[in-house]
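Trainee: I would like to take a close look at a single part of this protein. Could you take me through it slowly, with the cut-offs behind each term?

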Amino acid sequence: MILLVTGGAGFIGSNFVKHRLQTTDDKMIILDSLTYAGVLDNLKEYLNDSNLLIPKTQDDLLSVTKQIGERLSYAVPDGSAELKRLTSKLEGFNPNYVESDLYDMVKDILKKDKVVFVVANIIDSKTDQALMRLSDVVVHFAAESHVDRSIFDADAFIKTNVYGTYTLLEAAKNVSNLKKFIHISTDEVYGHAIGKSFKEADPLNPRNPYSSAKAAVDRMAYAYHQTYGIPIVIARPSNNFGSNQYPEKLIPVMTIKALKNEPLPVYGDGRQERDWLYVEDTARAIDLLIKSGKIGEAYNIAGNNERENISIVRKILEITGRSEKLIDHVKDRPGHDVRYSIDDSKIKDLGWVQDRDFDKQFEYTVNWYIQNQNWWEKILNKDQEYKAFMKAWYEER
Ligand SMILES: NC(=O)c1ccc[n+]([C@@H]2O[C@H](COP(=O)([O-])OP(=O)(O)OC[C@H]3O[C@@H](n4cnc5c(N)ncnc54)[C@H](O)[C@@H]3O)[C@@H](O)[C@H]2O)c1
C-alpha cells in the first residue's frame, strides 16, 4: 500500500511514519513544508540523497514558506525569516531537486525506496494532486497545532488548517484511486467537557482559534464525503505525549525547564484536566481506522488517562529530581478549556484495545527528553522565531 502522509516531519506524523515502516510493507510519501514544527531529524534514518525532494529555485522554495508566518508580529513580515529557517532545517541533508515532473520522479524513487519526502505546502494543489494520484490512502496530519500560538495570531491556522485542508480535499475530488482519506481532527473540537465525556455525535463547541479551525475542517471533510463521495474517516485523538514533540507543548517544555533549573510556568492553578494518549497508541489506532474505519464516520481515540496539568508537572519534577519550588503559577491562557474527555466506545467496537501503562510510558517519555538533549538543543539554539515566540508569549504572563 502507498500512503500519503501530510505533516510527517511533525510529532505525531513522524511517530506514525516510523511505526508504519517498522510494522508494515507500506511505501510512504511524506508531504511537509517544514514549518518551525517540522523536524527532518525525526526521520533521518529513512532519508537519503535521492528521496528528499525540494523545489529547485529560490522562488519556489519561498512559495513553500510564504503562507506561514508572514503576518505574525514576532516574525519578519516578508517571509525571509521563514526561508532562512527552512534552509537551516535542510543543513546536514543533501536534498534532491525536483527537476522533472513530480509525479514521475516520486514514482521512480518508490520503485527502489520505501520513502519519499517532498518539501511542499499542502496549499499547493498541483503537488497534492500529483502525490494523491500515486497513493492508496491519505493520512492528513499537517496543521498548525499549538493553541497558544493560535491565540497570539490565528492567521497561519486559517491558512494551513482550513485552506490547506480544503485544498487537499479538492485534490481528492480529482483522483479516483484513493481508498481512504484519514483526516486527523482532535478531541478539542468538542470544547471543554464539564461533567461528561463526549461521544462522536455530540455537538462541536470549540473555544479557541486552533480548535475552531480544526472543527471547521472536521465538518468540511465530512461534507466532502457526503457531497462528493470522498472516502473520509475522521480521527479525534486526545492529548498526545511521547518522543519528538516540539519543545513548546506541556511535557517537553516543563521537562526542559526543569533540566535547566528554570521556573516552570503553570497556567493559573494548574487544575485543568487533559486526557493523555501515548503517541504510539495513536499510530496503532490509525492503523485500525485505515483497515476497518467506516467511511463517513468520526472516531474518538481516548487515552483514558485524565490528569490535571499540575500533577503532570509534579511528576516531571519527580523524574528529573527537581524541587517543586520551581513551579511558577502564571496568568492563565484566555478561554482555557478546563477539561477534555471523550468516550471511545465507538472505536472499541472496531476492536481497539489500549492497554499500556500510563506511568511507564510517561516516565519513558520524560527520560527520552533527558537522554536526547541534542535533539531539543538544536531546535532551541537554531530557531530564532521559537525564542521570539516564547519570549513574547510568556512576557505577557
Ligand atoms: N499533539 C496532539 O496532542 C494532538 C492531539 C489531537 C490531534 N492532533 C492533530 O494531529 C495533527 C498532528 O499534530 P502534531 O502535534 O504532530 O503537530 P506538529 O505541530 O508537531 O506537526 C505539524 C507538522 O505539519 C507540518 N505542516 C504545517 N503546516 C503545513 C503546511 N501548510 N503544509 C505542509 N506541512 C505543514 C509541519 O511542518 C509539521 O511537520 C494535527 O492535525 C493536530 O491538530 C494533535
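Which residues of α1 are buried?

Mentor: A word on the basis comes before the answer. This is a predicted model, in which local features need pLDDT of at least 70 and side-chain atom pairs count only at pLDDT 80 or more, while totals for chains, interfaces and linings use all residues. Residues are numbered from 1 along each chain as its sequence is written.

The buried residues of α1 are F11, I12, G13, S14, N15, F16, V17, K18 and R20, where buried means that 20 or more other C-beta atoms, placed from the backbone, lie within 10 Å of the residue's own, exposed means 12 or fewer, and partly exposed falls in between. The element itself runs over 11-23; helices (H or I, at least four residues) and strands (E, at least two) are DSSP runs, numbered from the N terminus. With 13 residues at 1.5 Å a residue, α1 should span 18 Å, and its end C-alpha atoms, 19 Å apart, agree with that; the expected span is 1.5 Å times one less than the number of residues in the helix.

As for their surroundings, the buried residues of α1 pack against β1 (2-6), β2 (27-32), β6 (137-140), β9 and α10 (279-292), and a contact here requires C-beta atoms, placed from the backbone, within 7 Å. One of the partners of I30 is V17, and beyond its neighbours within four places in sequence I30 also touches V5, G8, A9, V115, F117 and V118. Together with V118 and I182, I30 touches the most other members of the largest nonpolar core, which holds 104 residues; such a core is a set of buried Ala, Val, Leu, Ile, Met, Phe, Trp, Tyr and Cys residues joined through C-beta atoms within 7 Å.

Among the 29 residues around the ligand, G7, G10, A37, G38 and A143 come nearest, a residue being near if its C-beta atom, placed from the backbone, lies within 6 Å of the molecule. The elements that give two or more residues to this shell are α1, α7 (155-173) and β9 (239-241), and α1 gives the most, with three residues. The shell divides into 13 nonpolar, 14 polar and two charged residues, with Ala, Val, Leu, Ile, Met, Phe, Trp, Tyr, Cys and Pro counted as nonpolar, Asp, Glu, Lys and Arg as charged, and the others, Gly among them, as polar.

Key: Two residues are in contact if their C-beta atoms, placed from the backbone, lie within 7 Å.
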